[in-house]
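Hi everyone, thanks for making time. Let's look at one structure together, going from its salt bridges to the sheet and then to the helices.

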Amino acid sequence: MMELKAVIRPNKLAALRTALLETPGFPGMTVTKVEGCSAPNRTAKFNIKDELTDYSAKVKIEIVCNDEIAGVIMDRIVTICQTGQVGDGVVWCTEVPKAFFISKTST
C-alpha cells in the first residue's frame, strides 16, 4: 500500500475531489487546512512586508491506497492542480507496510 500526500491550492480542491471520486478504486481521502511558504530561493521578496506575510493558505490531502492505483491518483492530482505558477503545491508518496480500516463489527 502507498500513502499519497499533496499540498495544493484551496481553489483546486473541488475539481480534484470530483475527478478522484470518478476514479475507479479511489478509497477516499483526508483533507486538512494548512499554511506554508516557499523556499527562499524560489520567490523574490521585495520588502519586509512580503517577507513577513509569505505564508499562504493551502490544503493537504492524504490518501492511503493500493499500489496499483497510486500512480493514477498522483497523475490526476498533478494534472488538475497545476496552474504553472510558483506555489501550485507538491505531491509525494511513501510505502505503508500495513493498514486497516476501522469499522463497526457486527455482533
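I'll begin with a charged pair: Lys5 makes a salt bridge with Glu3, and their closest N and O atoms are 4.0 Å apart. By salt bridge I mean a side-chain nitrogen of Lys or Arg within 4 Å of a carboxyl oxygen of Asp or Glu.

A quick word on the source: this is a predicted model, where local features need pLDDT of at least 70 and side-chain atom pairs count only at pLDDT 80 or more, while totals for chains, interfaces and linings use all residues. Residues are numbered from 1 along each chain as its sequence is written, and side-chain values use heavy atoms, with hydrogens and water left out.

Back to our lysine. Is Lys5 buried or exposed? Lys5 is buried, at a relative accessible area of 18%; buried means under 20%, exposed over 50%, and partly exposed in between, with a 1.4 Å probe and protein chains only. Lys5 also forms a salt bridge with Glu62, again with the closest N and O atoms 4.0 Å apart. Glu62 sits in strand 3 and Lys5 in strand 1, so this pair ties together parts that are 57 residues apart in sequence. When I say helices (H or I, at least four residues) and strands (E, at least two), I mean DSSP runs, numbered from the N terminus. Glu62 itself is partly exposed, with a relative accessible area of 23%.

How many salt bridges does the structure hold? There are 3. The remaining pair to show you is Asp88 with Arg9, whose closest N and O atoms are 2.8 Å apart. Asp88 is in the loop between helix 3 and strand 4 (89-95), and Arg9 is in the loop between strand 1 and helix 1, so to speak distant parts of the chain, 79 residues apart. Both Asp88 and Arg9 are buried. Through shared partners, Glu3, Lys5 and Glu62 are joined into one network of salt bridges.

Strand 1 and strand 3 run antiparallel and are joined by 7 bridges, and Ile8 stands opposite Val59 in strand 3.

Which residues of helix 1 (residues 13-21) are buried? They are Leu16, Ala19 and Leu20. Seen down the helix axis, they fall within an arc of 95°, so they line one face of helix 1; the arc is that of the directions from the axis to the C-beta atoms. Their cover includes strand 1 (2-8), strand 3 (56-65) and helix 3 (67-81).

How values were computed: Contact means heavy atoms within 4.5 Å. Two strands pair if DSSP finds at least two bridges between them.
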